[in-house]
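Me: I would like to go through this structure and ask what lies behind the terms used for it. Here it is.

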Amino acid sequence: MGKIVIAENLSLKYENSEIITPSSFTINSGDFVFLTGVSGSGKTTIIKSLYGEIKPNSGKLMIGEFNLNNISKSKLALLRKHLGIVFQDFKLIPEWNILKNVMLPLLIAGVNKTDAENLAMEYLSRVKLSHKADKFPEELSGGEQQRAAIARATIHNPVMILADEPISGLDEYSASLVMDLFIKANRLGITIVIASHSIPSNFSINFRQLHIEKGKVYELS
Amino acid sequence: MSSLKSHLTLILALISILFSIFLFKTFSQILEKYKQNIIDNYSIVIVSTSTLSKADIDNLGELEEIDIKNEISKLKKKYKNIDFSNITMPHFYKLKLNSLPSPNELINIKNELLNKPFIKKVMTKSSSQTKIYNLLMLLEIISKTFMYLIAVLGFLLIVKQLEVWKLLHNERMYIMELFGAPFWFRGAALFKIAFIDSLISLIITFGLIYITINSAIFEKVINDLGINFEINYLNDFGILFLISFLISFLSSIIVVIGKK
């Protein structure tokens, strides 16, 4: 299996302090990875570096063929078109309804509106939200918004989904639904990287765990 | 409601800028025509011992000899005891200047002419000319200051609008950027607003212009000034059309580029 992420002696800074000290790790295509650590350990910093929001301070970071050390704006946009990102605060566009929010990656890719709408409805039914397609984000519960965000993150068939604390703040039922959606996406071959302070107790599939402690990234078996 | 308010701010700003540009242009045009009117009716009288050509007066304007035969015959009738055949009469000329001179320029012209040995006298009607010139300059300064003030106010309104737009659209543009949206896609909503607002502003401004130039006061002023004022709709509205779209699109581009 090919390596989709290669980090060599990667150091990351956030607001002038070094959050991740030189660490090396790789993620293979199709992996299901939990990035764990206590609050403030640097999980979000790593996730942000993987979608190019934070540039490496030193070392090397490659996502597929993209070198994130010095990536141009146009190449970063191209990389992001192949990623699905899920945020703790969902980041759905408030003035758009759920259907249009889910359509976003397709509209960016230039898919025509009707096809995008049809596919978005299909993905909304997969996350059991087709009946709320015309609702606005503020009209949905946290769990529903996160499911819509996952539909948005998977609709364009990304090579990797990066999720930052996706089940934090959700009730047990919603959290289990959301994790189930990640598992289904992974079964379709999508690489999943989830930043989470812990791993759900009843997690049933094979996964890898990258743990951050005192700024260093370790692989736990 | 807040959305309507944000539209109104840009529309109001654009209208004030466009209308001030129109007024500025119209005032300049009227003043220029009025100046020309004064120049056409204004002349300097030169008394010379010899005949003059344009070169003799350094091409300051059009030279026209005044026919004094009538005046001489009147004088002959009045003063019968004087033998006019022994008197050599000077040549009288009317000099129509190319442009309306300032009072200082007029003094310089007079001195320059008097320095020529064959020119004996120069009559400039300088006091009335100075009054008219100063009045015109005062009008020009007041009107320009007024237009600049309106334009600055409009500009400040647009700056405020940029801040509002940043707050309203920043989050959406950020989310779109996270999914790899290109520049035009992120700014699409703003460009649409900019287009609609400029169109509305243009229509309202054109309406205001139409009302202004067809008003009784405006027509009376133009008639009283004795000038011929015509608006070039295609040219003037074309300029306003370009300015309106340029301002609103530049503003939206600034917001999209300046996204934090």
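Reply: One definition to begin with: two residues are in contact if their C-beta atoms, placed from the backbone, lie within 7 Å. The model is a predicted one.

Me: Which strands does helix H3 of chain B lie across, and at what angle does it run to E4(B)?

Reply: Helix H3 (residues 103-114) of chain B lies across E1 and E4 of chain B. Its angle to E4(B) is about 165°, and angles run from 0 to 180 degrees between N-to-C directions.

Me: What makes E1 and E3 of chain B a pair?

Reply: Pairing needs at least two bridges between two strands. Strand E1 (residues 44-48) and strand E3 (residues 91-97) of chain B are joined by five bridges, so they pair, and they run antiparallel. Val47(B), for one, has Phe92(B) as its bridge partner in E3(B).

Me: Why do E2 and E4 of chain B count as edge strands?

Reply: The open sheet of chain B has four strands in the order E2-E3-E1-E4, with antiparallel pairing. Strand E2 (61-65) and strand E4 (119-123) of chain B each have a single partner strand, so one side of each has no neighbour in the sheet. Neighbouring strands of this sheet are turned by 25° against each other on average, direction ignored.

Me: How many residues does each chain bring to the contact between A and B?

Reply: Chain A brings 12 residues and chain B brings eight residues. On the side of chain A that touches chain B, H2(A) gives the most, with four residues.

Me: How do the residues on that side of chain A divide by class?

Reply: Eight are nonpolar, four are charged and none is polar.

Technical notes:
Residues numbered from 1 in each chain as written. Chains lettered and ligands numbered in written order. Predicted model: local features only at pLDDT ≥ 70, side-chain atom pairs only at ≥ 80, totals over all residues. Helix = DSSP H or I, 4+ residues; strand = E, 2+ residues; numbered from the N terminus. Nonpolar A, V, L, I, M, F, W, Y, C, P; charged D, E, K, R; others polar.
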